[in-house]
Amino acid sequence: MSSAVGRPGNRGEVTGQGRGLGLRDSSYTWVSLLAGAIIWEVAARGLQFSFLPPFSSVLRAAFELIASGQVTSHLAASLINLGIGYGLAVTGGIALGLLMGRKQWVAYVLEPYVSALLATPKLIFVPLVYALFGLSRGTQIAVVFLSSFFVIAVNSMAGIRSVDRTYVEMARAFGASERQLFWKVLLPGSLPLTMAGVRLGMDHAVKGMIGGEMFITLFGLGALLRRYGDRFDSPRLFAVLLVVVSVALACSAVVREVERRVTAWDGEGT
Amino acid sequence: MLGRINRRIRWRSQAGLRLLSALLLALVWELLARRLDSLLLPGCVETIAALARLAASSELWQALWLSNQALVLGFLLAALVGVPLGLMMGRWRAADRYLDPYLSILLATPKAALIPIVIMATGLGLISRVLITFAFAVVVITVNARAGLRMINPSWTEMARSYTATEAQLWRKVLVPGALPAIVTGLRLGVARAISGMVSVELLLVAVGIGRMILDFQGTYNAPSLYATVLVVVFEAVLLLEASRWLERRIAPWVSQGAAR
Amino acid sequence: MIELRDCHKTYIAQNGQAAVLALDGVELTIQSGEFVCLLGPSGCGKTTLLKAIAGLLRLDAGEVRINGQPVTGPGTDRAMVFQDFALLPWANVVANVAFGLELRGVAKEIREQTARELIHAVGLTGFEGHYPRQLSGGMQQRVGLARALAVNPDILLMDEPFGAVDAQTRRLLQEDLLSVLGRTPKTVVFVTHSMEEAVRLGDRVVLMSPRPGRVRDTVTVDLPRPRPSDLERHPRFADLTEYLWQQLKEMQR
């Protein structure tokens with residue numbers, strides 16, 4: 001039932017591009033994106049599907065929305081909820097993960113629930129949270145929190161467990177107390193996997209944020225997506241989508257950079 | 001030393017510990033619900049009763065049948081598209097260079113955001129649900145298939161070439177078997193994403209099946225049934241994922257390590 | 001002085017492996033300042049014995065005494081050097097060398113000062129800011145040695161410390177170890193399964209036999225100190241290593 005121990009993100013499973021930038025930083029990337037934009041433009045004009053607006057009109061809609069401040073106010077709301085929910089998930093998740101990694105019995109008791117909740121799509125809990133918190137900021141923050149909490153907890157637990165026993169033995173040989181062992185060996189040693197979890201948690205947090213906003217439809221970028229979708233306003237829909245993608249990439253990049261810095265000493269992993 | 005103690009109380013006490021904590025959890029839940037006595041938080045007993053009622057009725061099973069159609073079809077489509085695509089990207093640098101940015105973008109994008117577009121294009125029927133489930137699952141499957149190909153020891157390819165293997169033979173004898181473990185991992189992750197897709201589209205835009213039931217119960221403040229249905233989804237997710245993991249272990253024993261999700 | 005009396009240790013059967021009688025009534029006395037090598041094939045209990053002296057494991061029967069006091073756990077009078085170096089990967093060389101001192105609450109300036117002196121003593125000047133993954137095996141072990149020396153132990157416990165490096169580096173490390181000890185003598189218990197290494201380094205070689213782990217023989221190394229650089233040519237060197245080799249060969253059967 002449990003998620004097993006392993007190396008950061010990239011051995012065994014690929015759930016992201018690992019450390020470093022979300023997008024590969026090369027000229028091919030830009031050429032490819034440019035080519036894609038051109039193809040989009042041509043195809044859209046040619047095919048004339050109502051759901052596929054030309055790239056140019058999407059850009060125009062984007063400028064309009066941003067200039068009029070529409071997007072920015074919703075974006076701000078989204079980001080605030082994201083920040084609070086994610087922040088809580090990181091602190092809570094790491095704390096729980098460390099506890100579970102350190103105390104065998106805690107892990108044993110909690111693991112079934114954590115695994116089950118990890119496996120379940122978090123959006124399913126939105127109606128429950130909505131019932132409890134109503135139409136408020138609290139719901140949104142709770143959704144972001146739930147989306148990222150479990151991934152972070154599981155990975156920081158794996159992080160503690162992954163610390164090579166040799167380091168523990170060495171520290172004991174030099175007379176380390178249990179407290180010293182935790183702070184000076186287990187905690188730093190658990191960083192690679194913990195940070196992988198934090199990175200994955202950010203990806204999930206953004207997804208939870210959008211999903212939650214699309215459900216509640218009161219504020220945020222997700223709400224805008226619903227609104228324009230309902231109105232069949234495809235240029236604006238795509239425009240907001242572009243903003244969402246940019247936000248997702250930006251948040252991801254920030255966390256990856258933090259991860260890279262914090263675990264620079266780790267020779268293994270990707 | 002704790003290890004020794006742990007080992008000794010292993011089988012009996014640890015199972016008992018889990019059971020005890022589960023009962024404790026149920027008790028706390030029940031007491032909390034009674035205390036709060038709100039319409040919104042059902043008691044543990046109520047919920048289990050509602051679950052039993054649902055399980056006995058045909059409504060639940062029909063809803064599951066309907067919802068899972070999209071899941072199965074979408075996942076299969078994602079596998080059929082994603083695995084070859086990933087393998088191709090792994091094998092030919094050129095394809096990878098040009099397609100990778102889109103893959104990365106899609107990977108980072110919340111797939112739920114794509115739902116309105118798909119709905120606009122294909123309406124509210126099964127096709128749109130299948131397409132959305134497909135969209136949720138295809139990216140992880142592709143990325144893992146690609147990684148699987150890359151992980152193959154280059155010496156194997158060289159060796160096969162030196163024995164004059166053709167491209168087709170190379171694929172059949174070296175590349176596909178070599179990438180298989182990672183492919184299976186990708187499929188497991190794809191299952192999780194597909195479930196997410198199935199749930200997302202039903203809760204957000206196309207109210208059918210399980211999603212419809214949840215929304216209905218929510219609308220009528222039928223909290224016990226609401227919680228019960230959510231539990232059903234949790235069960236299904238856990239079941240499908242455990243089955244995937246088991247399958248994965250059968251095919252590739254060394255791969256069950258890795259950061260979660 | 002280290003005294004081991006009637007030491008017994010059995011590793012319980014687990015994971016389908018049978019129980020191992022690692023130590024079966026081992027008796028040994030090591031004088032202060034002596035360099036004793038524990039030599040034997042795999043499974044003869046030499047690492048177990050070392051860890052018992054270090055206080056990292058508890059014996060099933062018998063006792064270890066240091067200067068009359070029984071060993072109950074790790075202590076400030078002993079320091080260990082590990083075969084796989086066991087350097088903390090997230091700390092640089094200075095931090096690693098100062099680790100033992102940090103655990104004992106020594107003030108930052110003092111412990112870093114001590115660390116730098118020892119880094120110089122083991123020949124790693126200039127590498128203070130480096131991280132373990134940037135260092136070769138030989139360099140990493142020098143850091144391990146410096147770390148052990150930093151806490152100024154009476155007893156150095158070395159668990160096949162040069163086993164994980166290549167032959168040339170091994171030779172260099174052996175010579176460096178001897179020169180460091182020449183300046184600051186310590187009691188050393190050195191685990192190895194190389195006869196040449198045992199004779200080159202030790203005052204006494206304790207041969208241990210496996211399954212069950214017992215002391216089979218003790219050989220006094222009557223070679224001059226400090227060891228000449230052409231030690232292999234010394235007649236006694238060949239005699240001693242030949243004798244040890246014969247003993248080891250018999251144990252393999």
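In α4(C), the buried residues are C:R111, C:T114, C:A115, C:L118 and C:I119 (buried means 20 or more other C-beta atoms within 10 Å of a residue's own, exposed 12 or fewer, partly exposed in between, with C-beta atoms placed from the backbone). They sit on the same side of α4(C), because they cover an arc of only 140 degrees around the axis, the arc being that of the directions from the helix axis to the C-beta atoms. An α-helix has 3.6 residues a turn, so residues three or four places apart point the same way.

Before going on, some ground rules: this is a predicted model, in which local features need pLDDT of at least 70 and side-chain atom pairs count only at pLDDT 80 or more, while totals for chains, interfaces and linings use all residues. Residues are numbered from 1 along each chain as its sequence is written, and chains are lettered from A and ligands numbered from 1 in the order in which they are written. Helices (H or I, at least four residues) and strands (E, at least two) are DSSP runs, numbered from the N terminus.

Back to α4(C). Its buried residues pack against α2 (93-97), α3 (99-103) and α5 (137-150) of chain C, with contact meaning C-beta atoms, placed from the backbone, within 7 Å. On the face turned away from that buried side you'll find the exposed C:E109 and C:I110. The helix runs over residues 108-121, 14 residues in all, and reaches 20 Å from its first C-alpha to its last, close to the 20 Å expected at 1.5 Å a residue (that is, 1.5 Å times one less than the number of residues). After α4(C) comes C:G123, with a positive phi near 80 degrees.

Where does chain C touch chain A? The contact takes 19 residues from chain C and 15 residues from chain A. On the chain C side, α3(C) gives the most, with 3 residues. That side divides into 13 nonpolar, 3 polar and 3 charged residues; here Ala, Val, Leu, Ile, Met, Phe, Trp, Tyr, Cys and Pro count as nonpolar, Asp, Glu, Lys and Arg as charged, and the others, Gly among them, as polar.

Now for chains A and B, whose contact takes 67 residues from chain A and 56 residues from chain B. Several helices of chain A each supply at least two residues to the side that touches chain B, including α1, α6 (137-162) and α11 (234-262). The most comes from α9(A), with 11 residues. By class, this side of chain A has 42 nonpolar, 19 polar and 6 charged residues.

Zoom in on α1 (residues 27-47) of chain A and α5 (residues 93-108) of chain B: they pack at an angle of about 75 degrees, with their axes 8 Å apart. Axes are lines fitted to C-alpha atoms, for helices over the stretch in contact, and angles run from 0 to 180 degrees between N-to-C directions. The two helices are therefore roughly perpendicular (65 to 115 degrees; under 35 is roughly parallel, over 145 roughly antiparallel and the rest oblique). A:Y28, A:T29, A:S32, A:L33 and A:G36 meet B:R97, B:Y98, B:P101 and B:Y102 here. After α1(A) comes A:Q48, with a positive phi near 55 degrees.

Within chain A, the axes of α3 (residues 70-102) and α10(A) come within 8 Å and cross at roughly 135 degrees, which makes α3(A) oblique to α10(A).

Note on methods. Contact = placed C-beta atoms within 7 Å.
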